[in-house]
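Here's a quick tour of a protein chain for anyone just starting out with structures. Have a look at the sequence and the 3D view, then work through the points below.

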Amino acid sequence: MPVTRQTTYQPDEFRADIKEAIQSELHQFFKSSDFKTILSEAVNTLIEQSVQQATFPLIKRIKALETELTKVTIKANENEQYSRKYNLRIIGLVETDGEDCVQKVVQFVDEKLHLNIVKEEIDRAHRLGPKISNRSRPLIVKFKSYGTKAAICKRRKDLKGTQFYINEDLTKYTLICSNTLANIILILNLSGRRTVKY
């Protein structure tokens, strides 16, 4: 009967074999594309989390500042618009060298709107912007009383079909808001959803 020899592992040899096997597997894994993908994703996630944690307070602060800036801008615009309460812009008046803008307004109101006002009712009047050759600039006039301005505004319809226009002296911000609102109303009316007057 043949004798079977049994190979027995010593504890130290067994541990050495296990260690070598693990090291071999790890070495192969670290060289694999799977490891590179996992490592890349882990690093990217860590970076993204770190950036979010670092920037979150800044983003929150920026949003708070934007909100505050919007409030300040609106308030400043309200003050600026209020300062123009007595102003009107007249478009279409022919510009001449050395003109007396106040007298030109008085004459225009008398001839075109059939209203009698005197120079003393006008605080000041002047052209807007730099002079442009062969083109008349709008004329801005500030009245001393709101009543005078209101009376002129009521007669603006008399200018229909002429070259002349009388508009409120709106700030740039108010004009943008006004145009935006007018466009929204136009879209609503054209869509047939509702009829809105502006």
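In this predicted model, the side chains of Arg 137 and Glu 95 make a polar contact with each other, at 2.5 Å.

**Arg 137 and Glu 95**

- Where do you look for Arg 137? You'll find Arg 137 in the loop between E2 and E3, while Glu 95 sits in the loop between E1 and H3.
- Is Arg 137 buried or exposed? Arg 137 counts as buried, because its relative accessibility is 15% and the cut-off for buried is under 20%.
- Glu 95 is buried too, with a relative accessible area of 16%.
- The side chain of Arg 137 also has a polar atom 2.4 Å from the backbone oxygen of Gly 129.
- Skipping residues up to four places away in sequence, Arg 137 touches Glu 95, Arg 127, Leu 128, Gly 129, Pro 130, Lys 131 and Ile 132.
- With its neighbours within four places left out, Glu 95 has contacts that include Lys 104, Arg 127, Lys 131 and Arg 135.

**The nonpolar core**

- In soluble globular proteins, nonpolar side chains tend to be buried together.
- Here, the largest nonpolar core has 22 residues, and those with the most contacts inside it include Val 105, Phe 108, Ile 122 and Ile 152.
- Which elements give two or more residues to this core? They are strand E1 (87-91), helix H3 (101-112), strand E2 (122-127), strand E3 (139-143) and helix H4 (146-154).
- H3 gives the largest share of this core, with six residues.
- Zoom in on Ile 152: beyond its neighbours within four places in sequence, Ile 152 is in contact with Leu 88, Val 109, Leu 113, Leu 115, Phe 143 and Ile 166.

**One side of H4**

- Which residues of H4 are buried? They are Thr 148, Lys 149, Ile 152 and Cys 153.
- These residues are on the same side of H4, because they cover an arc of only 135° around the axis.
- The buried residues of H4 pack against E1, H3, E3 and strand E4 (165-168).

**A pair of rings**

- How many aromatic pairs are there? The count comes to two.
- In one of them, the rings of Tyr 86 and Tyr 146 have their centres 6.5 Å apart, and the pair is edge-to-face because the planes are at 70°.
- This pair links distant parts of the chain, with Tyr 86 in the loop between helix H2 (33-83) and E1, and Tyr 146 in helix H4, 60 residues apart.

**The whole chain**

- The chain has five helices and four strands, and along the sequence they follow the pattern α-α-β-α-β-β-α-β-α.
- Of the 198 residues in the chain, 20% are buried.
- The chain exposes about 15,600 Å², with carbon and sulfur atoms supplying 57% of that area.
- Take the contacts between residues at least 6 apart in sequence: 59% of them join residues at least 24 apart.

Notes:
Residues are numbered from 1 along each chain as its sequence is written. This is a predicted model: local features need pLDDT of at least 70, side-chain atom pairs count only at pLDDT 80 or more; totals for chains, interfaces and linings use all residues. Side-chain values use heavy atoms; hydrogens and water are left out. Buried means under 20% relative accessible area, exposed over 50%, partly exposed in between (1.4 Å probe, protein chains only). Contact means heavy atoms within 4.5 Å. Accessible areas come from the Shrake-Rupley method with a 1.4 Å probe; for residues, only the protein chains shown count as cover. A nonpolar core is a set of buried Ala, Val, Leu, Ile, Met, Phe, Trp, Tyr and Cys residues joined through side-chain atoms within 4.5 Å. The arc is that of the directions from the helix axis to the C-beta atoms. A polar contact is a pair of N or O atoms within 3.5 Å; within protein, one must be able to donate a hydrogen and the other to accept it, and residues adjacent in sequence count only if both atoms are side-chain atoms. Rings of Phe, Tyr and Trp (its six-membered ring) pair if their centres lie within 6.5 Å; planes under 30 degrees apart count as stacked, over 60 as edge-to-face and the rest as tilted.
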